[in-house]
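Good morning, everyone. Let me put the model on the screen, and then we'll walk through it from the overall fold down to single residues.

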Amino acid sequence: MAALSDVPTHLWARKFPELGTGPVSNRPCVSLEYFELERERVFKRVWLNVGRVDEIPNPGDFLVRDLAVCKTSLLVVRGADGGVRAFHNVCSHRGNQVSWREKGNCRSFTCKFHGWTYDLDGKLVGVTDEANFFGLNKAENGLTPVAADTWEGFIFVNLDPNPAESLRDYLGEVADHLEGYPFDKLTTRYTYQADERVNWKVLLDAQQEGYHVPFLHRLTFVKAVDNWQQEILVRSVDVKLFKCHRLVSVGGSGQAPGSKLTPVEELARRYGATTLAAMGGASHGGQQGTKLVGTFDFWVIFPNFVMALMDGTYFTYNLWPLAVDHTVWEIRTYYPPARNAGERFSQEFAKCTLRDPLLEDGSVHERIQAMLGSGAKSHFILQDEEIAVRHGYKVVADYVGE
Ligand code: FES
Ligand SMILES: [Fe+2]
């Protein structure tokens, strides 16, 4: 955070002049028609993160992801050969969901309606009372496959029957930058989930700029600043904009000037830094091979996946649209396995220090969406630190073709 004087302005508009500086229409956040175009031209066409390989470590492990935005449910399975595959969770007989469980382990999937059975590769291997069907060809009636691939342990799927590019090509420069971050060592995972009456982009926008931090987060990030109305500016240390993905990187001390740690914070930091401390550069234990641009790197992997990296810990968001004004926000936070009670305590504390500012963020999402519905405003007015928001609307518009 920087004091008001001597802070450069218009840095990002100079770096990315092609994005312009004008107001941005809010129609993409309220239009039903626009949402349908996003469904068809974005979510059904690009690579979407649906989990991590360590959620299904063993042959027969599976997880189910309901992707309302793509109007389907997916079955993601670890095969007998160790490969990760995805299928529409739809029985070939009369369309029942094959797995009703969110996750588990099995040797085959049997549909509850009439008992058809599929193996881990999706092949139809059993049909009850088969003789009473009419020339049924089992080989042609397996589960419908969905393109699936992994990168650094993250599982991605693509609903396009013929994806335009491979996962690695789609990630492009993001993958170049992030390969080597110790994702495989940060295996302790905590999750939150929020169901919000908000457009997915409004939710994302509130995360990809630091302009709001001294104001909305004055009870958390900057809680000890007595006179919070004194202007404190957050400036990104770097912004990278790619074809569709982007990075907002923040530096900073992690502690507002004049702020004091509470006794519990002191204790938590003694055994391992808290999430907020890590955002500010305090080490969580010095992971080898950490590749960071600033101290807190916020990578948006288009359209709905975010990886927020710090030294020794990271968290992710998956934003799942249910409707134009309804989104499920999944938050997963990752730490190295705790080696003792002190580290475990520190992680519990870190969980809460992440939760609290996210609750503050959540408190504006639904209010914004409700007010967009009023039609009183037709545009967002964006300043230079909101360049990632500007880029987000441009990329969606390019995909949607508007
Ligand atoms: S719908 Fe699955 S066996 Fe009939
Ligand atoms: Fe925030």
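Start with the overall dimensions. The chain has 402 residues, and a compact globule of that length would have a radius of gyration near 21 Å; this chain has 23 Å, which agrees. That radius is taken over C-alpha atoms, and the globule rule is 2.2 Å times the number of residues to the power 0.38. Along the principal axes, the C-alpha trace spans about 80 × 55 × 35 Å.

Two housekeeping sentences. This is a predicted model, where local features need pLDDT of at least 70 and side-chain atom pairs count only at pLDDT 80 or more, while totals for chains, interfaces and linings use all residues. Residues are numbered from 1 along each chain as its sequence is written, chains are lettered from A and ligands numbered from 1 in the order in which they are written, and side-chain values use heavy atoms, with hydrogens and water left out.

Now secondary structure. The chain holds 10 helices and 19 strands. These are DSSP runs numbered from the N terminus: helices are H or I with at least four residues, strands are E with at least two.

Next, packing. Of the 402 residues, 53% count as buried. Buried means under 20% relative accessible area, exposed means over 50%, and partly exposed is in between, with a 1.4 Å probe and protein chains only. Take contacts between residues at least 6 apart in sequence: 67% of them join residues at least 24 apart. Contact here means heavy atoms within 4.5 Å.

The surface comes next. The chain exposes about 18300 Å², and carbon and sulfur atoms supply 52% of it. Those areas come from the Shrake-Rupley method with a 1.4 Å probe; for residues, only the protein chains shown count as cover.

Charges. There are 43 positive and 50 negative side chains, and the centres of the two sets lie 2 Å apart. Lys and Arg count as positive, Asp and Glu as negative; His and the chain ends are not counted. Each charge is placed at NZ of Lys, CZ of Arg, CG of Asp or CD of Glu.

On to the aromatics. Rings of Phe, Tyr and Trp (its six-membered ring) pair if their centres lie within 6.5 Å; planes under 30 degrees apart are stacked, over 60 edge-to-face, and the rest tilted. By this rule the count is 22 aromatic pairs. Tyr-181 and Phe-183 make a tilted one, at 4.8 Å centre to centre with 50 degrees between the planes. Tyr-181 is buried at 2% relative accessible area, and Phe-183 is buried at 1%. A second tilted pair is Phe-380 with Tyr-393: 5.9 Å between centres, 45 degrees between planes. This pair links distant parts of the chain, with Phe-380 in strand S19 (residues 379-380) and Tyr-393 in helix H10 (residues 387-400), 13 residues apart. Phe-380 is buried at 18%, and Tyr-393 is buried at 7%.

Which residues do ring pairs link into a cluster? They are Trp-151, Phe-154, Phe-156, Tyr-181, Phe-183, Phe-305, Tyr-314 and Tyr-334.

Now the backbone. The peptide bond from Phe-302 to Pro-303 is cis, with omega near 0 degrees. Pro-303 sits in the loop between strand S15 (296-301) and strand S16 (305-309). His-10 is not a glycine, yet it has a positive phi of about 60 degrees. His-10 lies in the segment before helix H1 (11-15). Glu-152, also not a glycine, has a positive phi of about 50 degrees. Glu-152 belongs to the loop between strand S10 (145-151) and strand S11 (154-158), and is partly exposed at 30% relative accessibility.

Two last stops. Leu-37 is in helix H2 (residues 32-43) and is buried at 18%. Leaving out residues up to four places away in sequence, Leu-37 touches Val-42, Val-400 and Glu-402.

Val-248 is in strand S14 (residues 246-250). Is Val-248 buried or exposed? At 7% relative accessibility, Val-248 counts as buried. Beyond its neighbours within four places in sequence, its contacts include Phe-296, Phe-298 and Ala-388. Val-248 and Val-42 are 206 residues apart in sequence, and 22 Å apart in space, C-alpha to C-alpha.

That's the tour. Over to you.
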